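Please read them alongside the sequence and coordinates.

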Amino acid sequence: MLNHGEHPRRIASTGRGQGSLLAGLLVFLALAGAPLLGLAQDAPGQTAGVAYRDIPAVGSRNIVWVIAQLHLLLAGFVLGVPIFAWICEIVGWKTGEKRYDKLAKEFTKLLTSSYATTALFGGILLFMLIGFYPKLMAYLGDIFFPSFVVYCILFLLETATLYLYWYGWDAMQEGSKKTLHLFLGFLLNVFAFFIMIVPNSWATFQASPVVIAEGSDLARAWAATWNPTWWPVNIHRLIANVVLGGYICGAYAGIRYLSAKTAEEREHYDWMGYVGNFIGVFGLLPLPFAGYWLMREIYQYNQQMGITLMGGFLSWLFILQAMLIGVLFLGSNYYFWMGITHRIPGSEVKYRRPIMAMLVILLLCLGVWMTPHSLVASLEEARKMGGTHHPLLGVFGVMSAKMTVANLMILVTFMSFIMYWRAGKEETAGWAKVAKSIMGGVLGVAAIVVIVLGVWGYFVPAIVRINYFSVAQVLIVLFVMLTITPLTALLLRSAKTTTEMVWGRMPPRAGYALVLNAVMVILLMTLMGYARSSSRVHWHIYGVMRDSSQYAYSPALGYAAALMSLNTFLFCMLVAFIFWVATMGEKAKAGGGGGKG
Amino acid sequence: MSEVALLQVIGLGVIGLGVAILLFIQARFVRVVGFVMIVLGLFSMTALGVPQMASLPPAEEKFDVANIKTASDMAAIGQKIFFSKGQCALCHSIGPSESARCPDLKGIGSKLTREFIYESLTQPQAYVYQDYRHEGLPKEYPARMPYINKNPIGLSNNEILSVIAFLQQMSGEPITVSPSEVTQPAQTVAAIPVAHAQ
């Protein structure tokens, strides 16, 4: 299976630019030709009523898996980057700092090439789906035809807005033209949002279908679109796209930082890495809440589906998810801490103890989050434990414990950010002492209440815990963020800078931390995509259209993880290629300039 | 070599290659690729270390009427359905269990009539008590119990009767379902009359 990815890599190593191009072309030709092989499986005249087609040895599902995953990741990137770029542009416009505008433009430039690549993979995916799953696609096409039309119109609008936004960047820099440009950025994001939620309705319909037999085509399509998991997935994906955009920006900055040759480059990419990590964390903090809402809706829709996910054959997947999220939290915090100790001279000693305390809390929380409900044990070990549940560790394997530590990890990460924000500054406001006491009090009380609710959760019926305690924990953490953030901003407005932040002094491991964070986010997206798809078990459309192909089973985690890793690797290479192509002209210009100089 | 072993060898190979790149190659981008390979390899190896459970489509129990001679034959089929296609064991246990999310079904055949069990399976909204407390007035509550005779589970009437036979048998009760009630799948099945529980 991994040979699929190994082959292009081997060819790529034979030459530099030409090798990558050749490998890309070969992959594309192989994929484009794949449906022809599939068609070859059906004798003429037999194709009319065919439900499935297959590619021997490789398997149609594996092909669709790879293409769909790459398309979704690219789409996440393409939809996340405009949000990221637009926020940066607004910050640049408001603060007058040109570097934000430059950063926004640098990333918008990537959009044009990545937009085309995403559309290309979308097209390939569509052909594959029609070729491999004609019956399913005919059914979905029948229900969703009106939304196909809407989707096409949205694409036209998005493309036109993107062209105006990108090509009009330099022409719309001053006065009211800048406001118009910002409005175009807003429109770009609005269309992008709708481009995301329309296909979301097709995917969520498969998991939680709403089928009405009567009514017009439009009424049927609307009922199917507004299915129980549509909005939870929309919100979850929107936030996740911001996270993906931020962390990929961070990874790009990390790689450029590692290979930077001048001090100016190091400063620029160090700062870019900080912005990327900040936006990634900014999105990461509310993401678990959106995930919780989605799972709640799944349980409400169909408890069996919820149990299949959380307590059935996919339960171990959530241990892997905990591991990935844990590494992501650690990586993000580690980057913040490195920022404090390297960019703000003299702060190493001052912040060593709080950093150590936060590290210990994070590791303990991660340990609890990763504790499985039932342990992998031999028969003898199980007998000694008195079952598959460990007498002590089993306590940490349940949702009450996991919700508690997830909230605590979010609180710690939030405090890391606040600490970084306040580092090197001295508050001068007369009410600073009171404000700091209030912030400390809010944080302390919130942490205690979160823990108390977590412990209390063991002694109340599940319905009370899920409906009241978990929701209360989430609201408390949100309250902390919504209280401390504006208070800190207000406090720092009049603060005096005691130590100037020095950019470009981060050690190389900071660059690798940024790359690690991006890989974790991509892996998480591939993992949860597999979970969402597998929760339908042997149904194309849950309870409506059964999967009767040879691939009706959901593969085990090991096999799935190998494919996820392959997809993550291919996506990273694709993004690297897009970045390389997009910055080629810039490098040539810099090289030419250098030669003249 | 099993699939898991093969994937482990590949995973180790990818990690090894990544380590070799970091040790011997100086080009920054290639080093980052090596680092990513190590991370992905470690992730795959971890995923291969947890229990490998695939989710297979449920096996269809064949109802060969000629082979069903006694009520015990039906209960034997019902037991298989209980743990497979019916997905009953996903939520219910037979006897106390830490992992059970729904009522323990041990002895249920002696507590409830056959008609009540049938109704619970096919009309789960009919009588549901909050938190399964069998006291006070019954309240209409959104049932978590799915309609067993409808998709996605979709047990046939024969299969439902077999599950009832199994529940009665494991409760030590006489099985009130008779093999004569089993019908050929093609035949139309008349609904069992439901007597409302008091």
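1. The contact between the chains in this predicted model involves 43 residues of chain A and 34 of chain B. On the chain B side, two elements give two or more residues each: helix H1 (3-24) and helix H2 (28-49). H2(B) supplies the largest share, twelve residues.

2. By residue class, the side of chain B that touches chain A has 22 nonpolar, six polar and six charged residues.

3. The largest nonpolar core has 167 residues. Those touching the most other members are Phe84(A), Leu324(A), Val515(A), Val521(A) and Val36(B). Helix H3 of chain A (residues 60-95) contributes the largest share of this core, 20 residues.

4. Leaving aside residues up to four places away in sequence, Leu324(A) is in contact with Met520(A), Leu523(A), Leu524(A) and Leu527(A).

5. There is also a second, separate core, with 24 residues. Among them are Ala71(B), Leu161(B), Phe166(B) and Leu167(B).

6. Is Leu285(A) buried or exposed? Leu285(A) counts as buried because 21 C-beta neighbours lie inside 10 Å, and the cut-off for buried is 20 or more. Leu285(A) sits in the loop between helix H9 (263-284) and helix H10 (287-301) of chain A.

7. Leu285(A) touches Ile410(A), Thr413(A), Phe414(A) and Met481(A), again not counting residues up to four places away in sequence. From Leu285(A) to Met399(A), the C-alpha to C-alpha distance is 19 Å, with 114 residues of separation in sequence.

Key
Residues are numbered from 1 along each chain as its sequence is written. Chains are lettered from A and ligands numbered from 1 in the order in which they are written. This is a predicted model: local features need pLDDT of at least 70, side-chain atom pairs count only at pLDDT 80 or more; totals for chains, interfaces and linings use all residues. Helices (H or I, at least four residues) and strands (E, at least two) are DSSP runs, numbered from the N terminus. A residue is buried if 20 or more other C-beta atoms lie within 10 Å of its own, exposed if 12 or fewer, and partly exposed in between; C-beta atoms are placed from the backbone. Two residues are in contact if their C-beta atoms, placed from the backbone, lie within 7 Å. A nonpolar core is a set of buried Ala, Val, Leu, Ile, Met, Phe, Trp, Tyr and Cys residues joined through C-beta atoms within 7 Å. Ala, Val, Leu, Ile, Met, Phe, Trp, Tyr, Cys and Pro count as nonpolar, Asp, Glu, Lys and Arg as charged, and the others, Gly among them, as polar.
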